[in-house]
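Here are my notes on this one, as numbered points. Have the model open while you read them.

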Amino acid sequence: MNAINPTAPDNDEIQALDAEHHLHPFTDTQALNAKGTRIIERAEGIYLWDSEGNKIIDGMAGLWCVNVGYGRSELAEAAKAQMNTLPYYNTFFQTTTSPATRLAKELSTLTPGDLNRFFFANSGSEAIDTVIRMVRRYWEVEGKPWRKVLISRHNAYHGSTIAGTSLGGMAGMHKQGGPLLPGIAHIRQPYWYGEGADQNPQEFALACAQALEDKILEVGPDNVAAFVGEPIQGAGGAIVPPEGYWAEIQRICRKYDILLVADEVICGFGRTGNWFGSQTLGITPDLMSMAKGLSSGYLPISAVAVGDRVANALIEKGGEFVHGFTYSGHPVSAAVALENLRILRDEGIVKQVGEVTGPYFQQQLRERIGSHPLIGHVEGVGLIAGMALAQDKANHTLFASDLDVGTICRNHCFDNGLIMRACGNRMVLSPPLIITQEEIDQLIDKALHCLDLTVASLAEMGISIGA
Ligand SMILES: *Cc1c(COP(=O)(O)O)cnc(C)c1O
């Protein structure tokens, strides 16, 4: 019987149906079906409960999105009220809805610089597709239609549509379902601990930014439309570029008159302690993609913030931009996003992350997790952090990538009431922004216990850890 809801179908039945009919994203279906899916039943604050009654700390805020935490009935009420008034209307036919317009206005007050206009979509991937079409259209309108190439980075994540997959730099994704979109080039990622620890971080930052200039010169400066990057790489393993990287990237973009796009899908809406990661990392982008925390994941919605340079050109010289989605500016999603932004603002949540919980989380992670023998390095800002698993931390020896230590650790976490994600051999945390200091302590206690269990599992496999 289902422990939480006795009238619900029981677990075995749901698992059987799931195995029979449901294809999960980013999943080896055969392996999953052999094991059975875990059924998540309800949630409150930072906690989830599964159908067996286990209480789990959600150290990932779903997929980096439940910024205000679970169980905010105001968001349900906002959706209900909007559904009862106007559940749907489009924004194509020279029409708008009040929530869509008010959301655009509200976002313009939160975004930095001259990001004053907003194009709505439903997912981060769609926002990225919109970015690609929009920057290429911008250069057409400016009379330079040959400027088509977008430059991104290896191990970047920009979504899973064909355009998002192509723009992203995930090697495993590039291997499936090609050919990929033409007109995209990749440069090295600024992952200092993994790829640059023989240099000091400043030298490494400059070398990684120099790769952009080298690529621009290789492609031809007049062929490049834009550079796109996550302020902090999320799915790549919560990688924070070393000091100086973004300033140099920005200088190079300006030098060659290349548009700079910040993919804020994870960093946006308080994750790094400011409204946007661009503010934390000192970036002044021409465009921003945003999703996830925009509605705290309660409903799907995304947006592209467009600065005056691109918006004015498209508006004044571009005529009709033939792009959009049935659900662009969906009134119910927009109403929920508005209420979510109100909660983040009125409850001082972003400020709290910037001044209190973020610094506490980072300091506790470095002190307690950073001293664990299995952890080579901790990095992060605000409430996002990545931890590199190391085989011999003193000698800076990482695990071979075919030894899936991240998954071993992730599975121990899952079995012990903590969701911590593995990105290769990096462990990642990105909890709801309403997490308290006491809850951070609990989360770290659990993570430490699971790291110990991982060391024990490795010992059983005959692999020892050099401390
Ligand atoms: C999640 C993510 C996306 C894709 O968003 P979806 O809503 O899954 O399509 C794009 N960019 C970044 C940085 C992301 O983290």
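This is a predicted model: local features need pLDDT of at least 70, side-chain atom pairs count only at pLDDT 80 or more; totals for chains, interfaces and linings use all residues.

1. Let me start with the loop that holds Pro179: this residue sits between helix 8 (171-174) and strand 6 (184-187). Helices here are DSSP runs of H or I with at least four residues, strands are runs of E with at least two, and both are numbered from the N terminus. The peptide bond from Gly178 to Pro179 is cis, with omega near 5 degrees.

2. Residues are numbered from 1 along each chain as its sequence is written, and side-chain values use heavy atoms, with hydrogens and water left out.

3. Two backbone spots to check. Asn155 is not a glycine, yet has a positive phi of about 70 degrees; look for Asn155 in the loop between strand 5 (149-153) and helix 7 (162-167). Ser296, also a residue other than glycine, has a positive phi near 50 degrees, and its loop runs between strand 9 (287-290) and strand 10 (302-307).

4. Which residues are around the ligand? They are Ser123, Gly124, Ser125, Tyr157, His158, Gly159, Glu230, Asp263, Val265, Ile266 and Lys292, taking a residue as near if one of its heavy atoms lies within 4 Å.

5. Some of the ligand distances are worth a look. A polar side-chain atom of Ser125 is 2.5 Å from a ligand oxygen atom, and a backbone N or O atom of Gly124 is 2.8 Å from an oxygen atom of the ligand. For Asp263, a polar side-chain atom lies 2.7 Å from a ligand nitrogen atom.

6. On to helix packing. The axes of helix 10 (residues 201-219) and helix 11 (residues 245-255) come within 8 Å and cross at roughly 20 degrees; axes are lines fitted to C-alpha atoms over the stretch in contact, and angles run from 0 to 180 degrees between N-to-C directions. That makes helix 10 roughly parallel to helix 11, a label for angles under 35 degrees. The residues that meet include Ala205, Leu212 and Ile216 in helix 10 and Tyr245, Ile249 and Ile252 in helix 11, where contact means heavy atoms within 4.5 Å. By class, the residues of this contact divide into 10 nonpolar, no polar and 4 charged. Here Ala, Val, Leu, Ile, Met, Phe, Trp, Tyr, Cys and Pro count as nonpolar, Asp, Glu, Lys and Arg as charged, and the others, Gly among them, as polar.

7. Helix 14 (residues 331-346) packs with helix 4 (residues 73-85) at an angle of about 150 degrees, with their axes 8 Å apart. Among the contact residues are Leu75, Ala78 and Met83 of helix 4 and Val332, Val336 and Ile343 of helix 14. The contact of helix 4 with helix 14 splits into 9 nonpolar, 2 polar and 3 charged residues.

8. Helix 14 also meets helix 5 (residues 98-110): their axes come within 8 Å and cross at roughly 35 degrees. Leu103, Leu107 and Leu110 of helix 5 are among the residues that make the contact, as are Ala334, Leu338 and Leu341 of helix 14. The contact of helix 5 with helix 14 has 11 nonpolar, no polar and 3 charged residues.

Key. Angles under 35 degrees count as roughly parallel, over 145 as roughly antiparallel, 65 to 115 as roughly perpendicular and the rest as oblique. A polar contact is a pair of N or O atoms within 3.5 Å; within protein, one must be able to donate a hydrogen and the other to accept it, and residues adjacent in sequence count only if both atoms are side-chain atoms.
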